[in-house]
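Subject: Structure for your review

Dear colleague,

Please find below the structure that I am handing over to you. I would be grateful if you could read the notes after it with the model open.

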Amino acid sequence: MDIEQKQAEHIDHFVKQASTIKGSSSYLANVIVEATSHPSLFAFSEILSLPNVLELQGTEHSIYLDLLQMFAHGTWSEYKSSASNLPQLTPDQILKLKQLTMLTLAEANKVLSYDVLMHELDVVNVRELEDFLINECMYVVQFAAGRDLRPGQLGNMIHTLSDWLGTSDNLLISIQDKIKWADTMSELDKKHKKENEERLEEVKNALSLKADMDFRGHGLFAEPGGVMDYDEDRRSKRRRHPMG
């Protein structure tokens with residue numbers, strides 16, 4: 001089973017579990033804690049959009065709605081700045097939120113310095129940071145985990161993708177133009193090569209014809225002992241031996 005399918009199944013499990021809870025905010029709070037502690041769940045928008053979850057707003061358990069929003073969009077440093085207004089995290093939740101923080105940092109920066117990572121992850125030394133990066137972060141070639149979109153972030157994403165699509169279309173047109181130019185040059189080269197071969201063949205035929213004509217002319221009129229010399233010898237002999 002691939003990672004995307006597992007992720008979808010985890011989301012579906014918690015959505016079904018949370019949606020069946022009616023009138024018991026404490027049970028719903030427990031589901032939120034379980035979901036935010038799950039080691040393989042990294043998206044929470046589907047749970048966050050459930051009506052009964054949104055109804056936690058203004059209740060004694062509203063901090064769990066805030067907690068779910070923190071796991072959907074926030075970072076470890078943001079949690080620390082608001083920790084007094086949120087539930088205390090378990091070790092699994094701390095690890096999960098730091099992993100999500102890494103995803104957010106990777107989305108915004110192509111290069112991440114150790115100083116930035118140590119500050120954002122609240123790590124005191126390089127060894128601890130490297131252990132976290134090696135042992136706890138996600139490095140999957142065929143799948144890249146992503147985070148839930150912040151409110152208003154969808155418009156920026158659509159704009160970015162539209163720009164990328166426009167650039168791709170222009171690049172495709174440029175490539176097609178170059179292919180057409182290459183095809184045209186190839187045809188011209190073939191035509192030029194054919195013309196040269198035809199000219200070469202004409203020259204060879206002309207030279208062959210000339211050589212043949214020269215050979216025949218030389219054999220009939222120039223070689224010793226030829227027809228003309230033979231006739232001349234016969235006339236000379238007749239003059240030397242007249243008939244009696």
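This is a predicted model: local features need pLDDT of at least 70, side-chain atom pairs count only at pLDDT 80 or more; totals for chains, interfaces and linings use all residues.

Residues are numbered from 1 along each chain as its sequence is written, and side-chain values use heavy atoms, with hydrogens and water left out.

The chain as a whole

The chain contains 11 helices and 0 strands; helices (H or I, at least four residues) and strands (E, at least two) are DSSP runs, numbered from the N terminus. Of the 244 residues in the chain, 26% are buried. Here, buried stands for under 20% relative accessible area, exposed for over 50%, and partly exposed for what lies in between (1.4 Å probe, protein chains only). The accessible surface comes to about 17,500 Å², and carbon and sulfur atoms account for 57% of that area. Accessible areas come from the Shrake-Rupley method with a 1.4 Å probe, and for residues only the protein chains shown count as cover. Among contacts (heavy atoms within 4.5 Å) between residues at least 6 apart in sequence, 59% join residues at least 24 apart.

Salt bridges

A salt bridge is a side-chain nitrogen of Lys or Arg within 4 Å of a carboxyl oxygen of Asp or Glu. By this rule the count comes to 3 salt bridges.

- Lysine 16 and aspartate 12 meet through their side chains at 3.1 Å, N to O. Both lie in helix α1 (residues 3–19), 4 residues apart, which is about one turn of the helix.
- Aspartate 122 and lysine 80 form a salt bridge at 2.9 Å, N to O. This pair links distant parts of the chain, 42 residues apart: aspartate 122 is in the loop between α8 (114–121) and α9 (126–135), and lysine 80 is in helix α6. Aspartate 122 counts as partly exposed because its relative accessibility is 37%, and lysine 80 is partly exposed at 43%.
- Arginine 127 and aspartate 131 meet at 3.4 Å, N to O. They are 4 residues apart in helix α9, so about one helical turn separates them. Arginine 127 is exposed at 60% relative accessibility, whereas aspartate 131 is partly exposed at 32%.

Surface patches

Patches are made of residues with over 30% relative accessible area and no salt bridge, with like charges joined within 9 Å and nonpolar side chains (Val, Leu, Ile, Met, Phe, Trp, Tyr) within 5 Å. A nonpolar patch on the surface consists of Leu149, Leu154, Met157, Ile158 and Leu161, with about 430 Å² of accessible area together. Methionine 157 belongs to helix α10 (residues 153–221) and is partly exposed at 36% relative accessibility.

A patch of negative charge is formed by Glu195, Glu197, Glu198, Glu201 and Glu202. Lys and Arg count as positive and Asp and Glu as negative, leaving out His and the chain ends; the place of a charge is NZ of Lys, CZ of Arg, CG of Asp or CD of Glu. Glutamate 201 lies in helix α10 and is partly exposed, with a relative accessible area of 39%.

Serine 62 is in helix α5 (residues 62–73) and is buried, with a relative accessible area of 16%. Leaving aside residues up to four places away in sequence, serine 62 touches Leu56 and Gln57. Threonine 75 is in the loop between α5 and α6 (76–81) and counts as buried at 8% relative accessibility.

Yours sincerely
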